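Good morning, and thank you for coming. I would ask you to look at the sequence and the structure while I speak.

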Amino acid sequence: MSDSADLYQQVILEHNRNPSNYGPLANATHSAEGDNPLCGDRFTIELRVDKNGIIATASFNGIGCAISKASASLMTESVTGMSMTAATELFERFHNLVLSGKDSGKSPTLGKLEIFSGIWEYPARVKCAI
């Protein structure tokens with residue numbers, strides 16, 4: 001196994017076992033639900049956005065495979081402290097990465113989310129990551 005594949009596997013497994021920001025968020029100002037009927041992933045993402053439009057706290061709750069759980073965990077870590085605009089741009093960048101394996105290189109940086117750069121090669125898993 002290549003070093004990048006090994007790192008990918010380690011990160012996915014760690015965030016599956018010990019996800020960041022997992023659980024319901026008290027006083028959430030925004031929420032969205034995601035459902036992947038093909039594999040049973042079902043998550044609710046919740047945000048608390050302050051009066052300046054900055055994501056003060058992000059969390060997720062639900063059930064899903066290791067890839068979807070790790071992706072939600074890493075995404076909540078990444079968007080906390082961002083403006084809603086920057087978080088939307090980050091998601092668009094991430095979406096493009098997992099669909100094509102290509103990164104636009106624009107701000108904000110993907111950071112740890114780059115670990116999903118090879119998932120586009122497994123079309124059945126793309127929806128899990130998104």
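**A serine and its surroundings**

I begin with a polar contact: a polar atom in the side chain of Ser 59 lies 3.1 Å from the backbone oxygen of Gly 23. Please keep in mind throughout that this is a predicted model.

Where does Ser 59 lie? Ser 59 is part of strand β3. Ser 59 counts as buried, because its relative accessibility is 4% and the cut-off for buried is under 20%. If we leave aside neighbours within four places in sequence, Ser 59 is in contact with Asn 21, Gly 23, Pro 24, Leu 25, Thr 44, Ile 45, Glu 46 and Thr 76.

Asn 21, one of those contacts, deserves a word of its own. Asn 21 lies in the loop between α1 (3–17) and β1 (30–36). The phi of Asn 21 is near 60°, a positive value in a residue other than glycine. With a relative accessible area of 33%, Asn 21 is partly exposed. The loop between α1 and β1 also holds Asn 27. Asn 27 has a positive phi as well, near 60°, and is not a glycine either. Asn 27, however, is exposed, with a relative accessible area of 64%.

**The nonpolar core**

I now turn to the interior. In soluble globular proteins, nonpolar side chains tend to be buried together. Which residues touch the most other members of the largest nonpolar core here? Among its 26 residues, they are Ile 67, Val 79, Phe 94, Leu 113 and Phe 116. Two or more residues of this core come from each of β2 (41–49), β3 (55–63), α2 (66–79), α3 (84–100) and α4 (123–129). The largest share, six residues, is given by α3.

Apart from its neighbours within four places in sequence, Val 79 is in contact with Ile 55, Ala 58, Ala 87 and Leu 90.

**Helix α2**

Let us consider α2 as a whole. After α2 comes Gly 81, which has a positive phi near 95°.

Ala 70, in helix α2, shows how parts of the chain come together. Ala 70 counts as buried because its relative accessibility is 0%. Ala 70 and Arg 17 are 53 residues apart along the chain, yet their C-alpha atoms are separated by 8.8 Å. With neighbours within four places in sequence left aside, Ala 70 is in contact with Ile 12, His 15 and Phe 116.

**Helix α3**

The next helix is α3, with 17 residues. From first C-alpha to last, α3 reaches 24 Å, close to the 24 Å expected at 1.5 Å a residue. Its buried residues are Ala 86, Ala 87, Leu 90, Arg 93, Phe 94, Leu 97 and Val 98. Why are they said to be on the same side of α3? They are placed there because they cover an arc of only 130° around the axis. An α-helix has 3.6 residues a turn, so residues three or four places apart point the same way. On the other side of α3, Thr 85 and Glu 92 are exposed. The buried residues of α3 pack against β3, α2 and α4. Just after the helix, Gly 101 takes a positive phi of about 80°.

**Aromatic pairs**

Finally, I come to the aromatic rings. How many aromatic pairs does a search of the whole structure find? The search finds three. In one of these, Phe 43 and Phe 60 are edge-to-face, 5.5 Å centre to centre, with 65° between the planes. Phe 43 lies in strand β2 and Phe 60 in strand β3, so this pair ties together parts that are 17 residues apart in sequence. Phe 43 counts as buried at 9% relative accessibility, and Phe 60 does so at 0%.

Phe 94 and Phe 116 are likewise edge-to-face, at 5.7 Å centre to centre and 90° between the planes. This pair links helix α3, which holds Phe 94, with the loop between α3 and α4, which holds Phe 116, 22 residues apart. Both Phe 94 and Phe 116 are buried.

Note on methods:
Residues numbered from 1 in each chain as written. Predicted model: local features only at pLDDT ≥ 70, side-chain atom pairs only at ≥ 80, totals over all residues. Heavy atoms only, no water. Core = buried A, V, L, I, M, F, W, Y, C linked by side-chain atoms within 4.5 Å. Buried < 20%, exposed > 50% of the residue type's maximum accessible area, 1.4 Å probe, protein only. Helix = DSSP H or I, 4+ residues; strand = E, 2+ residues; numbered from the N terminus. Contact = heavy atoms within 4.5 Å. Polar contact = N/O pair within 3.5 Å; in protein donor to acceptor, adjacent residues only side chain to side chain. Expected span 1.5 Å × (residues − 1). Arc of directions from axis to C-beta. Phe/Tyr/Trp six-rings, centres within 6.5 Å; stacked < 30°, edge-to-face > 60°.
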